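Subject: Structure for you to look at

Hello,

Please find the structure below. My notes on what was found in it follow.

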Amino acid sequence: QVKMVESGGGLVQAGGSLRLSCTPSVSTFTTYARGWFRQAPGKEREFVAGISWRGGSTRYSDSVKGRFTISRDNANNTVYLQMNSLKPEDTAIYYCAVQNYYDDYHSARDWGQGTQVTVSS
C-alpha cells in the first residue's frame, strides 16, 4: 500500500527549530500536491500547511503562519516543513499526505505513520 514516510521529529525547547521531511513510498507521487497535518493528544487532526506539486503555491493555518515554511524538492520527491519559533502548543504527531490541490486539505489521503514533535517549555 502506498503511503507517506515522515521523519525529522524530536524533542526541542520552546523557541527552537526542527525540519520535517516527507517522502512517498512510491515515486509516482511527484505530481501531487502535499500537505502537513498534526494531531495533538485528545484533539482532532488539523491542517498545518499545503504546497502545490510545482511548489509555487502554499497555504498555512493561522496558528503556524510566519513560523513554519513548507517547501519541496521534486528531484528527490521530498516535501519539507521547516518549523521555527516552536511553542509547547506545537507538540503533536505530524503527518504528511497527498492532496488534490495545495489548499484542498479535505482530499488528504495516503497518510504515513507520522513523526512525533515535542516542544518543552
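Strand β3 and strand β8 (residues 78-83) pair in the antiparallel sense over five bridges. A strand here is a DSSP run of E with at least two residues, numbered from the N terminus, and two strands pair if DSSP finds at least two bridges between them. Strands of a sheet pair through backbone hydrogen bonds, either parallel or antiparallel.

Before the rest, a note on the source. This is a predicted model, in which local features need pLDDT of at least 70 and side-chain atom pairs count only at pLDDT 80 or more, while totals for chains, interfaces and linings use all residues. Residues are numbered from 1 along each chain as its sequence is written, and side-chain values use heavy atoms, with hydrogens and water left out.

Opposite cysteine 22 stands valine 79 in β8. β3 also pairs with strand β1 (residues 4-7), in the antiparallel sense and over four bridges. In that pairing, valine 5 has threonine 23 of β3 as its bridge partner. Five of the seven residues of β3 are buried, so this strand is largely enclosed by the rest of the structure. Buried means under 20% relative accessible area, exposed means over 50%, and partly exposed is in between (1.4 Å probe, protein chains only).

How many disulfides does a search of the whole structure find? It finds one, a disulfide being a pair of cysteine sulfur atoms within 2.5 Å. Cysteine 22 is joined to cysteine 96, with an S to S distance of 2.0 Å. Cysteine 22 lies in β3 (residues 18-24) and cysteine 96 in β9 (residues 92-99), so the link ties together parts that are 74 residues apart in sequence. The link of cysteine 22 and cysteine 96 is left-handed, with -75° about the S-S bond. Cysteine 22 is buried at a relative accessible area of 0%, and cysteine 96 is buried at 0% relative accessibility.

The six-stranded sheet

Strand β9 also belongs to an open sheet of six strands, in the order β2-β10-β9-β4-β5-β6 and with mixed pairing. At the edges stand β2 (10-13) and β6 (58-60), each with a single partner strand, so one side of each has no neighbour in the sheet. β9 pairs with β10 (residues 115-120) in the antiparallel sense over three bridges. The bridge partner of isoleucine 93 is glutamine 116 in β10.

Salt bridges

The count comes to four salt bridges, where a salt bridge is a side-chain nitrogen of Lys or Arg within 4 Å of a carboxyl oxygen of Asp or Glu. One of them joins aspartate 90 to arginine 38, with the closest N and O atoms 2.9 Å apart. Aspartate 90 lies in the loop between β8 and β9 and arginine 38 in strand β4 (residues 33-39), so this pair ties together parts that are 52 residues apart in sequence. Aspartate 90 is buried at 0% relative accessibility, and arginine 38 is buried at 6%.

Aspartate 90 forms a salt bridge with arginine 67 as well, the closest N and O atoms being 2.8 Å apart. Through shared partners, salt bridges join Arg38, Glu46, Arg67 and Asp90 into one network. Arginine 67 is buried, with a relative accessible area of 12%.

Regards
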